[in-house]
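This briefing covers a few local features of one protein chain, grouped by topic. Please read it alongside the sequence and the structure.

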Amino acid sequence: MTENNDLFENDTQQEYKELEQNNTELNEPLENETNSSESTMNYLYRDNFGVKSDFNIQQTSSPQKKRYVAIIALLILIFMMISALTVYCIYTDIQDGSVAFIERNNIEVDNIPLELYNKPESDKDIKYVDDNGKYTTEGLAEYIRPQIVEIYTYNSSAPEVVIASGSGVIISEDGYIVTNTHVLSGDVYAGEDDKSMIPDKYVVNTYNDKQYEAVIIGRDAKTDIAVIKIEAAKLPTAVLGNSDKTVLGEQVVAIGNPAGLTGSITNGIVSGLNRKIRADSTGFEMDCIQTNAAISPGNSGGALVNMYGQVIGITSSKYVNSSYEGLGFAITINEAKPIIEELISNGYIGGRVRIGITFYPTDIEYARSLFKERYGRDLPLKLEGLWITDISDECDVSNTELKADDFILTVNGKKVCNYDNMNAAIEGLKGGDTVKAECARIDDDMNISYFEVEFKLMEDTSGNF
């Protein structure tokens, strides 16, 4: 057993010497290291496990270096392609006009003359009116514009200040013009202490820039129709059409002077017929034509015209409703005609009676909101009626105990909550007739008391409602 161990030790020592000798050789460069033509360095080394390896670095044919060169070449190619594409896109945008960044200081730009061309000669042969008397839009604008005027209202205490403006339609050669009542009233409420906002001077401008001072012949606030007159002769006169013959979908044109823009034309169609629309200011209902032609406040008093050049309606911005946003209405000429004629003959609409009160109808939200704001509570059902805001001193009702802030609940036994109820209650009566009214009053403690009044109606020749 000892011999075997000695043998093993001898072999180990011998092997160790050989390894030591080989390790010394590894630390020395091989002879072919000096061979510069091959440009190769060979090293023999021993790793940690005693394995001898041969590690050669070929500088001229390394696969890894070839891979690096290929990647760099590919990146350069991609960059060049992207640059070329960018230049192409910029050039195309410049040609299309979507990019313009010429530095005029660096690039000389030629002057390019722009040519103006007349319409084709064949356009002269286009008729503005056909054999049936129907106009094109261009022909209608040329024909109807001289028949429409501008109206401006002033107060003599401040003659340079325009209170209101609107439009009018010439209905006779000697200067009768139909318009809206609210145009003449200034469309404002002026109290006793603000006379400067009540118009007393009316100026008419015609299409050929002539100016005339006008006088009021008659006006009716209930229907919002008025007639004025200027001293002139041989004026172009509008042709009044039969609005009962108007059909749904028919082409129409609205003409007026919105915001002082003289002779503005908007076209559209008849969107609805026999529309019963209430005036904003009075609540009175009139038969109207509905149209999608734009009608703005300056169009008030202007004309709605069919394609035969006939006036079939008087436009009014007052015949609107919050539910009808974007829609326009014109009082039918058939309904306006008898009112116009009576205003010219009498200066007012006969058969009208006047109570002499101004009120809020309590069936509208505004009145209810105002009551809650003033009294801090909802309007009681017992007070549904006419909430009086003013009483005219010249009417018989001022001789009763009724006063502002009182309520009228019934008239001649009929419940009244709005303008229509009141008209129905006094229908058929005339000036001098007596009516009875049940009234209510609320005190500071919210106590309600009731009383009756009796008064005479007054014939209304004022033109007010």
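This is a predicted model: local features need pLDDT of at least 70, side-chain atom pairs count only at pLDDT 80 or more; totals for chains, interfaces and linings use all residues.

Asparagine 205 has glutamine 211 in β7 as its bridge partner.

**Strand β6 and its partners**
- β6 and strand β7 (residues 211–220) are paired antiparallel through 4 bridges.
- The hairpin of β6 and β7 has 5 residues between the strands, and aspartate 209 in this hairpin adopts a positive phi near 65°.
- β6 also runs antiparallel to strand β3 (residues 148–154), to which 5 bridges join it.
- Within β6, tyrosine 202 is the residue that stands opposite threonine 153.
- Strand β6 spans residues 201–205 and is mostly covered, with 4 of its 5 residues buried.

**Threonine 181**
- Helix α4 (residues 181–184) contains threonine 181.
- Threonine 181 counts as buried because its relative accessibility is 6%, and the cut-off for buried is under 20%.
- With neighbours within four places in sequence left aside, threonine 181 is in contact with Arg219, Asp220, Ala221, Asp224, Ile225 and Ala226.
- Of these contacts, Arg219 and Asp220 fall within the residue range 211–220 of strand β7.

**Serine 369**
- Serine 369 is found in helix α6, which covers residues 365–375.
- The relative accessible area of serine 369 is 37%, so this residue is partly exposed; that class lies between under 20% for buried and over 50% for exposed.
- Leucine 379 is 10 residues from serine 369 along the chain, and their C-alpha atoms are 8.6 Å apart.

Terms used:
Residues are numbered from 1 along each chain as its sequence is written. Side-chain values use heavy atoms; hydrogens and water are left out. Buried means under 20% relative accessible area, exposed over 50%, partly exposed in between (1.4 Å probe, protein chains only). Helices (H or I, at least four residues) and strands (E, at least two) are DSSP runs, numbered from the N terminus. Two strands pair if DSSP finds at least two bridges between them. Contact means heavy atoms within 4.5 Å.
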